Amino acid sequence: MLCEKAGQVVTMAEVAEGLSRLGHLPKRPVTPDARDLRYKILRAFKRVFAGLVPVEELNQLIESIPGVVPRLNLAGGAQVLDE
């Protein structure tokens with residue numbers, strides 16, 4: 001959901017709706033906590049890219065903006081790495 005809107009500001013309600021849509025959840029979407037969401041996203045990136053990308057660079061991927069969802073910063077674009 002965030003990758004589709006990289007560099008854009010997305011509201012927490014939009015994130016909740018996107019998560020509900022992706023997970024095919026039957027219940028009404030619940031807005032996640034912004035700090036918790038940022039932590040979970042960064043934790044996944046840090047686990048996958050451990051030893052390949054400096055932690056400082058990974059920490060800059062997600063920017064917290066008060067009142068809205070954390071923003072995904074992909075200034076240089078994304079690149080697929082072969083295993």
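This briefing describes the fold, the packing and a few selected residues of one protein chain.

The model is predicted, so that local features are reported only at a pLDDT of at least 70 and side-chain atom pairs only at pLDDT 80 or more, while totals for chains, interfaces and linings use all residues. Residues are numbered from 1 along each chain as its sequence is written, and side-chain values use heavy atoms, with hydrogens and water left out. The protein chain has three helices and two strands, where helices (H or I, at least four residues) and strands (E, at least two) are DSSP runs numbered from the N terminus.

**Fold and confidence**

- From the N terminus on, the elements of the protein chain follow the order α-α-α-β-β.
- The average pLDDT of the protein chain is 76, and 73% of the residues score at least 70; pLDDT is the predictor's confidence in each residue, on a scale from 0 to 100.
- Among contacts in the protein chain with a separation of 6 or more, 38% are made by residues 24 or more positions apart, a contact being heavy atoms within 4.5 Å.

**Helices and their packing**

- Helix α2 (residues 34-48) has 15 residues and spans 22 Å from its first C-alpha to its last, which is close to the 21 Å expected at 1.5 Å a residue; the expected span is 1.5 Å times one less than the number of residues.
- In α2, the residues Leu37, Ile41 and Leu42 are buried, and they lie on the same side of α2 because they cover an arc of only 120° around the axis, the arc being that of the directions from the helix axis to the C-beta atoms.
- The face of α2 turned away from its buried side carries the exposed residues Arg35 and Arg47, whereas the buried residues of α2 pack against α1, α3 and β1.
- In α1, the buried residues are Met12, Val15, Ala16, Gly18 and Ser20, and the buried residues of this helix pack against α2.

**Nonpolar core**

- The largest nonpolar core has 11 residues, namely Leu2, Val10, Met12, Val15, Leu37, Ile41, Leu42, Leu58, Leu61, Ile62 and Leu72; such a core is a set of buried Ala, Val, Leu, Ile, Met, Phe, Trp, Tyr and Cys residues joined through side-chain atoms within 4.5 Å.
- The elements that give two or more residues to this core are α1 and α2, and α2 gives the most, with three residues.
- Leu58, which is found in helix α3, counts as buried because its relative accessibility is 3%.
- Leaving out residues up to four places away in sequence, Leu58 touches Leu42, Phe45, Lys46, Phe49 and Val53.
- With residues up to four places away again not counted, Leu61 touches Phe45, Arg71, Leu72, Asn73 and Leu74.

**Aromatic pair**

- The structure holds one aromatic pair, formed by Phe45 and Phe49, which are stacked at 6.2 Å centre to centre with 15° between the planes.
- Rings of Phe, Tyr and Trp (its six-membered ring) pair if their centres lie within 6.5 Å, and planes under 30 degrees apart count as stacked, over 60 as edge-to-face and the rest as tilted.
- Phe45 counts as partly exposed because its relative accessibility is 26%, and Phe49 counts as partly exposed at 22%.

- Pro70 is placed in the loop between β1 (62-63) and β2 (71-72), and it is buried, with a relative accessible area of 1%.
- Leaving aside neighbours within four places in sequence, Pro70 is in contact with Leu2, Met12, Ala34, Leu37, Arg38, Ile62, Glu63 and Ser64.
- Pro70 and Ile41, which are 29 residues apart in sequence, are 9.7 Å apart in space, C-alpha to C-alpha.
- Asn73 lies in the segment after β2 and is partly exposed, with a relative accessible area of 23%.
- Not counting residues up to four places away in sequence, Asn73 touches Gln60, Leu61 and Glu63.
- Asn73 and Leu2, 71 residues apart in sequence, are 9.7 Å apart in space, C-alpha to C-alpha.

Conventions:
Buried means under 20% relative accessible area, exposed over 50%, partly exposed in between (1.4 Å probe, protein chains only).
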